[in-house]
Amino acid sequence: MGGIIGCVGNGPVCTVLLRGLNRLEYRGHDSAGIATVSDGSLHCGKDAGRLDEVCVKQDLVGLPGNAGIGHVRWATHGEVSRLNAHPHLDCHGEIAVAHNGIVDNHDELRAGLGGHRFLSQTDSEVLVHLIEDHYQPGVPLEEAVMQALQKVRGSYAVLAISSREPGKIVGSRRECPLVVGLGKDYNFIASEGVAFLEHTRTVAFVEDGETLVLEAGGARFIDEAGRERYPELSNIDWKWDQATKQGYEYYMMKEIAEVPEAIRRALDQDKAVVLDMAMNILRARQVVFTACGTSRYAALVGRYLFSKLAGKFCDVVMASEFHYFSDSIDKNTLVIAISQSGETADVIQGVKKAREKGATILSMVNMYGSSIARMSDRTIYLNCGPEIGVAATKSFMSQLAVLYMLAFTMANRYDEGVQKVTHVSTQIETEMKRNGNRLQRIAALIKDQHSCYFLARGINFAIAAEGALKLKEISYIHAEGMPAGELKHGTLALIEEGTPVVVISPRDFTFNETLANAAETKARGAFVVGVSEERHAIFDEWIEIESSEEIFYPLVTVVPLQLLAYYSAVVRGHNPDQPRNLAKSVTVK
Ligand code: M6R
């Protein structure tokens, strides 16, 4: 995993490439490198470490040339080291290759490349040697790449350059994204448009199995059968400065601050599309949500809303497990895939399987033109702009907003739904202003604990799970979220003196029972943090929320938990934007 970028133009590309990589590093990386071509020679610099460190260590800023490729690596095969960093070179230093994805048959391919000198432990290095084998005199690079990739099983987005053909980048993809950006001074190919937004917003998407030839004068798309394809150009409706910190210390805080606006933008959809989706959901014999991580928790809230507001029961199947349930999927099934990135490998695999079974696919994604959007029969875009922090925050809120809107529409109450969720977005603004200091204090109080538990009932169970995921993901405090009623069935054994227990206990019909469960933890020494509109004697600390209708509590309770996780990460000295071992876009299974 990680990200790749290629750039070719009429001037030097090095700094443009590095800036692009800088925009991609949020996807998660532990090493970085670039390769350029100039005056018939290949220049390459790469190393383990973060991009800025590698830049200094390897003096990347000085690499000459008008064409080049770059890569930020998130290790899958082989340790984090300079030799395992990309780009990889062929035996003669003529070809450089950067790769995202996993080559499943790399062992077999490596065994067949006997005469070649391998320097890394990666699966990716076989690609450059395979291309080398096919890159005979007179054969263009794209031809060699296409022939080489015929032998490869697995997933890839691959970029290649050669000193023999300066001014040309060849790219190809299978199951990993590649988007082309066509600009005035430079043309690009990258894992996602964010990498080049400041140069151009005119994009075209490389299809699965396609090969791309990118030059300063334009791009050629070649399909698997070797035919040229003329893709539609589209515009990414994002501005590049949306992907900057804009004065905030971390992206995560900026993105939480953007929540109210993100909710309003998510609600700003074409009403006809929303009505059409709602009708499809109501008509389907069976409806199954599929998603991972935070997006799956949004699906759990959606399941509750569809049932409560429209009497439509749905199931939620974790995308990594979807395959195992596919026997029950058929042409009468509607699958709703939720994914911020639209590129999560498990979700893609689930959607593929569902399509094979004849199901209809609806999706909710944030990334314009992403794989999941393009595999779906209908898509609603979240419109929350680039989310750079690995922790999903504003995108979760946008997902919830769309789910509320759909559920109300299914109940024939579209206008009421939009109006009420808009109102809640203003309540969230008030709440954020009120709770800052309190949340910082609580974060400081729990910072040395090794475990934390989140309890809730009903619709808020998903928020307990999400609060726990946020906390563990960025602060590295072990956390679990569960229905409060489950506590006595095991977890209570772990509560001891001082264990933090966050109790999501809004003043709804679950209030008394949830507090009774909190009391059981308190009796065993727990440090109880209440999330409620009222302070209660049982709370050691209180996070005040706005009062709302029962079904809207997920929207008002989750933002304080996102902030609690943020402050906990910061007070423990961790960068909340780039948690260890995690990637923003999980493009491998
Ligand atoms: O892009 P997706 O919504 O498909 O991503 C799914 C999960 O990887 C993601 O929500 C992950 O759990 C977040 N990092 C949690 O903050």
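Trainee: Let's start at the interface of domain 2 and domain 3: how many residue pairs are in polar contact there?
Mentor: Keep in mind that this is a predicted model, where local features need pLDDT of at least 70, side-chain atom pairs count only at pLDDT 80 or more, and totals for chains, interfaces and linings use all residues. Residues are numbered from 1 along each chain as its sequence is written, and side-chain values use heavy atoms, with hydrogens and water left out. A polar contact is a pair of N or O atoms within 3.5 Å; within protein, one must be able to donate a hydrogen and the other to accept it, and residues adjacent in sequence count only if both atoms are side-chain atoms. With both residues at pLDDT 80 or more, the number of pairs across this interface is six.

Trainee: Which helix gives the most to the side of domain 2 that touches domain 3?
Mentor: Helices here are DSSP runs (H or I, at least four residues; strands are E, at least two), numbered from the N terminus. At least two residues each come from α6 (251–257), α7 (259–267), α9 (293–310) and α13 (394–410). By class, that side has 20 nonpolar, three polar and one charged residues (Ala, Val, Leu, Ile, Met, Phe, Trp, Tyr, Cys and Pro count as nonpolar, Asp, Glu, Lys and Arg as charged, the others, Gly among them, as polar). The top contributor, with nine residues, is α9.

Trainee: And what area is buried between domain 2 and domain 3?
Mentor: Buried area is the accessible area (1.4 Å probe) that two parts lose on being put together, summed over both. Carbon and sulfur atoms give 77% of it in this case. The total comes to about 2100 Å².

Trainee: How many salt bridges does the rule find across that interface?
Mentor: The rule wants a side-chain nitrogen of Lys or Arg within 4 Å of a carboxyl oxygen of Asp or Glu. The whole structure has 37 of them. One is Lys 394 in helix α13 with Glu 258 in the loop between α6 and α7, 136 residues apart, at 2.7 Å, N to O. Across the interface of domain 2 and domain 3, though, the count is zero.

Trainee: What is omega for the cis peptide bond between His 86 and Pro 87?
Mentor: Most peptide bonds are trans. Pro 87 sits in the loop between β4 (67–73) and β5 (88–89). Its cis bond with His 86 has an omega of about -5°.

Trainee: What phi does Asp 39 have?
Mentor: Most residues other than glycine have a negative phi. Asp 39, in the loop between β2 (31–38) and β3 (41–48), has a positive one, about 50°.
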